[in-house]
Amino acid sequence: MEKQRENFGSKFGVIAAAAGSAVGLGNIYRFPCEAGENGGGAFLIVYLLIIVFLGIPLMLSEFIIGRRSHRNTVGAFKTLAPKTVWPIVGFVGVISSFLILAFYSTIAGWTLECIYKSLINFYHGKSISEIEQGMTTFNNSFRPFIWQTLFIILTAFIVLRGIEKGIEKYAKVLMPMLFVILIILCVKSLTLPNATEGLKFFFKPDFSKITPEVCISALGQAFFSLSVGMGVQITYGSYINKKDNLLTSSTSVVMTDTLVAILAGITIFPAAFAMGISPKAGAGLAFNTLPLIFNQMAGGYIFCLIFFILLAIAALTSTISLLEASVAYFVEEHAIKRKKATIWCAIGALIVGLFATLSLKDNSNLVIGNMSFFNILDNLTANILMPVGGLLITIFIGWRLKKTAFIDELTNQGTTKIALKNIIFFITKYIAPLAIVTIIVGRLVFNIK
Ligand code: TRP
């Protein structure tokens with residue numbers, strides 16, 4: 001007998017849950033990193049185009065697959081395309097989520113270090129070079145391992161207890177708080193001397209800087225940030241109420257996520273230019289710049305502390321969804337007990353993750369070519385596995401599921417009027433796969449590093 005499946009109680013519930021998975025370190029840490037390293041404005045414009053023409057169709061496609069099949073990522077393909085190789089797409093998604101968890105937990109651990117540093121008032125009165133020095137010392141010590149282990153244990157504990165619902169309830173309150181603090185920070189940052197230089201860097205596109213490398217980075221970042229391209233949103237889609245409008249739901253999630261990323265950019269770049277931090281500073285961009293802004297604010301101590309606590313929670317809601325993806329696969333497809341699956345997946349991610357952390361130390365020899373093991377995992381998932389996953393999902397929707405099913409879900413069996421439905425299908429069937437292939441091939445052909 002099929003178990004009665006739960007549905008989200010309200011439309012806000014769906015958007016909040018899917019946005020909870022999407023909003024995380026990807027927006028506040030990874031987005032500014034990528035934008036900074038890839039020419040600022042040039043990156044932003046490509047990123048926004050990708051969000052509109054690929055991000056929304058892909059999120060919508062995943063919601064459609066999920067709601068139509070009512071199953072998890074692998075199961076959805078088994079239901080909609082029985083006895084085919086399509087479930088492999090779901091399987092690749094499970095592997096990606098495992099690998100993402102491994103390196104994501106390194107950075108998630110940093111948020112705990114920042115909470116600790118805020119608590120002991122480490123940042124107070126420190127100059128940028130002192131804060132940078134503190135970060136280097138931290139990275140070369142054993143502390144990153146402790147924090148990372150702690151973070152994974154916390155994630156596993158929550159996944160094991162199945163209290164995600166509780167966490168989600170808190171996240172619905174805490175994430176808007178993160179948003180508010182981000183806006184306050186943004187305003188402060190814009191009043192710093194030289195702020196306009198940062199804004200120019202972030203918003204003024206230099207078209208000559210749009211290279212295949214910039215396009216693939218923007219594509220990878222968009223998919224990473226939206227949590228699309230690996231079927232995570234299929235699972236959320238499977239819980240969406242039959243009456244909800246999938247187009248408005250997916251668009252709202254995408255817009256929320258993008259807004260947070262842009263706010264992070266408007267906060268970080270002006271401050272970085274004001275304090276003389278290079279936009280190419282990578283990891284330090286978010287983690288070293290933000291405490292400096294807090295330093296200049298009234299009530300900075302408490303704002304800084306609250307901000308890093310909220311960032312840690314945003315990261316936690318993301319790591320929960322990442323671990324849950326592997327656990328659900330083993331539990332539902334291989335009948336392994338939830339406890340056993342959680343423990344082993346967490347231990348596995350921790351082992352791979354410790355190597356990722358180790359590779360970020362100075363003079364680490366976990367480097368291949370000029371890429372650390374951390375960056376290899378990051379590039380492999382965001383720039384290869386997720387785009388390929390996204391490509392296959394759009395092909396599945398456009399060429400396997402067929403137009404009638406797509407339109408049927410999009411319009412709720414014809415009861416909802418969607419003006420652009422044919423155009424949306426056309427984009428999903430032709431434009432999206434073609435664009436993804438062009439970006440992947442373009443990068444391979446023109447820009448092998
Ligand atoms: N999107 C999250 C972020 O921006 C990271 C994340 C959580 C993720 N779950 C995911 C990425 C699933 C890809 C797939 O921080």
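Predicted model: local features only at pLDDT ≥ 70, side-chain atom pairs only at ≥ 80, totals over all residues.
Asn-412 lies in the loop between helix H17 (403–410) and H18. A search of the whole structure finds 27 aromatic pairs.

- Most residues other than glycine have a negative phi.
- Asn-412 has a positive phi, near 50 degrees, and is a residue other than glycine.
- Gln-413 is found in the loop between H17 and H18 as well, and its phi is also positive, at about 55 degrees, although Gln-413 is not a glycine.
- Asn-412 has a relative accessible area of 4% and is therefore buried, the limit for that class being under 20%.
- Gln-413 has a relative accessible area of 48%, so this residue counts as partly exposed; exposed residues have over 50%.

**The packing of H16 and H18**

- Two packed helices are described by the angle between their axes and the distance between the axes.
- For helix H16 (residues 373–401) and helix H18 (residues 421–446), the axes come within 9 Å and cross at roughly 155 degrees.
- This angle makes H16 roughly antiparallel to H18, because angles over 145 degrees are placed in that class.
- The crossing of H16 and H18 is left-handed.
- On the H16 side, the residues that meet H18 include Asn-383, Pro-387, Val-388, Leu-391, Ile-395 and Trp-399.
- On the H18 side, the residues that meet H16 include Phe-425, Lys-429, Tyr-430, Pro-433, Ile-436 and Arg-443.
- The residues of this contact between H16 and H18 divide into 13 nonpolar, 5 polar and 2 charged.

**Aromatic rings**

- Among the 27 aromatic pairs found in the whole structure is that of Phe-77 and Phe-396, whose ring centres are 4.9 Å apart.
- The ring planes of Phe-77 and Phe-396 stand at 75 degrees, so the pair is edge-to-face; planes over 60 degrees apart are given that description.
- The pair links distant parts of the chain, with Phe-77 in helix H4 (residues 73–80) and Phe-396 in helix H16, 319 residues apart.
- Phe-77 and Phe-396 are both buried.
- A cluster is formed where ring pairs link Phe-31, Phe-43, Tyr-47, Phe-201, Phe-202, Phe-203, Phe-269 and Phe-273.

Note on methods: Residues numbered from 1 in each chain as written. Heavy atoms only, no water. Axes fitted to C-alpha atoms, helices over the stretch in contact; angles between N-to-C directions. Helix = DSSP H or I, 4+ residues; strand = E, 2+ residues; numbered from the N terminus. Parallel < 35°, antiparallel > 145°, perpendicular 65-115°, else oblique. Left-handed = near helix turned anticlockwise from the far one by under 90°. Contact = heavy atoms within 4.5 Å. Nonpolar A, V, L, I, M, F, W, Y, C, P; charged D, E, K, R; others polar. Phe/Tyr/Trp six-rings, centres within 6.5 Å; stacked < 30°, edge-to-face > 60°. Buried < 20%, exposed > 50% of the residue type's maximum accessible area, 1.4 Å probe, protein only.
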